[in-house]
Amino acid sequence: MASRFSKWRAAKASTAIRLRFKSQLVEKIPLFAGLSAKESQQIARLVNEIAVPAGTRLATAGEAGGALFAIIEGEAVVRTKPGRTSTLTAGDVFGEMSLIDGQPRSATVDATKPIRLLVLDQRDFWHVLEGAMPIVRKIMQTLCRRVREAEEGSSA
Ligand code: CMP
């Protein structure tokens with residue numbers, strides 16, 4: 001029979017393996033790229049990994065937002081209220097807008113293929129940003145890119 005100590009050691013080892021696995025997922029997301037191994041591991045402790053089927057609604061325009069999502073694999077479509085659509089794939093991040101300004105979700109996001117995501121809760125979002133200027137810069141770049149794309153789309 002396994003002793004309490006060996007069970008504790010096995011549990012600790014499996015937590016360490018899961019953390020290493022999650023750190024590897026974090027490193028695959030461009031938003032988190034360029035961080036030190038220690039910083040990636042800190043983020044890995046905060047994110048949850050989820051997998052949901054195609055057709056799952058991930059965010060609903062007009063509702064309160066509670067998390068930031070990063071796509072590990074799969075695909076989702078963003079539908080904004082004015083009717084603009086945009087496809088998101090592995091490495092893309094969404095859900096940052098309502099966390100930043102506290103306003104409701106600006107768009108509806110649906111999984112169009114089975115999707116695996118890293119989810120960063122609202123309360124950890126600012127904690128992560130406070131510690132890492134490179135992430136703040138990338139979030140700002142993402143926001144600028146989305147405004148530019150929307151502007152280009154509206155003049156077409
Ligand atoms: P949020 O408003 O929190 O929830 C919906 C998300 O869709 C939003 O954050 C952005 O991450 C994303 N989003 C909104 N507008 C666009 C757009 N024009 N192109 C791509 N993604 C968008």
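How many of the seven residues of strand β3 (residues 67-73) are buried? Six of the seven are, so the strand is mostly covered, where buried means under 20% relative accessible area, exposed over 50% and partly exposed in between (1.4 Å probe, protein chains only). Strands here are DSSP runs of E with at least two residues, helices are runs of H or I with at least four, and both are numbered from the N terminus.

This is a predicted model, in which local features need pLDDT of at least 70 and side-chain atom pairs count only at pLDDT 80 or more, while totals for chains, interfaces and linings use all residues. Residues are numbered from 1 along each chain as its sequence is written, and side-chain values use heavy atoms, with hydrogens and water left out.

## The sheet around β3

Strand β3 belongs to an open, antiparallel sheet of four strands in the order β1-β8-β3-β6. Two strands pair if DSSP finds at least two bridges between them. The edge strands are β1 (48-52) and β6, each pairing on one side only. Contact means heavy atoms within 4.5 Å.

The pairings below are all antiparallel. The table includes one from the other sheet, β2 with β7.

| β3 and β8 (residues 115-121) | six | Phe69 and Val119 |

Strands of a sheet pair through backbone hydrogen bonds, either parallel or antiparallel.

## Aromatic pairs

Rings of Phe, Tyr and Trp (its six-membered ring) pair if their centres lie within 6.5 Å; planes under 30 degrees apart count as stacked, over 60 as edge-to-face and the rest as tilted. The count comes to three aromatic pairs. One of them joins Phe5 and Trp8: their ring centres are 5.7 Å apart and the planes are at 25°, so this pair is stacked. Both residues sit in helix α1 (residues 4-28), three residues apart, which separates them by about one helical turn. Trp8 is partly exposed, at 49% relative accessibility.

Phe69 and Phe94 are also stacked, because their ring centres are 5.0 Å apart and their planes are at 15°. Phe69 lies in β3 and Phe94 in β6, so the pair ties together parts that are 25 residues apart in sequence. Both Phe69 and Phe94 are buried.

## Nonpolar cores

A nonpolar core is a set of buried Ala, Val, Leu, Ile, Met, Phe, Trp, Tyr and Cys residues joined through side-chain atoms within 4.5 Å. The largest core has 24 residues, and Leu31, Phe32, Ile43, Leu118 and Ile135 touch the most other members. Helices α1, α2 (37-46), α4 (122-131) and α5 (133-155) each supply at least two residues of this core, as do strands β3 and β8. Not counting residues up to four places away in sequence, Phe32 touches Val26, Ile43 and Ile135. A second, separate core of 16 residues includes Leu58, Leu88, Phe94 and Ile115. In soluble globular proteins, nonpolar side chains tend to be buried together.

Which residues of α2 are buried? They are Ser40, Ile43 and Ala44. These cover an arc of only 105° around the axis, which puts them on the same side of α2. The arc is that of the directions from the helix axis to the C-beta atoms. The face turned away from this buried side carries the exposed residues Lys38 and Arg45.

Pro134 lies in helix α5. Pro134 is partly exposed, with a relative accessible area of 36%. The C-alpha atoms of Pro134 and Leu35 are separated by 7.9 Å, although the two residues are 99 residues apart along the chain.
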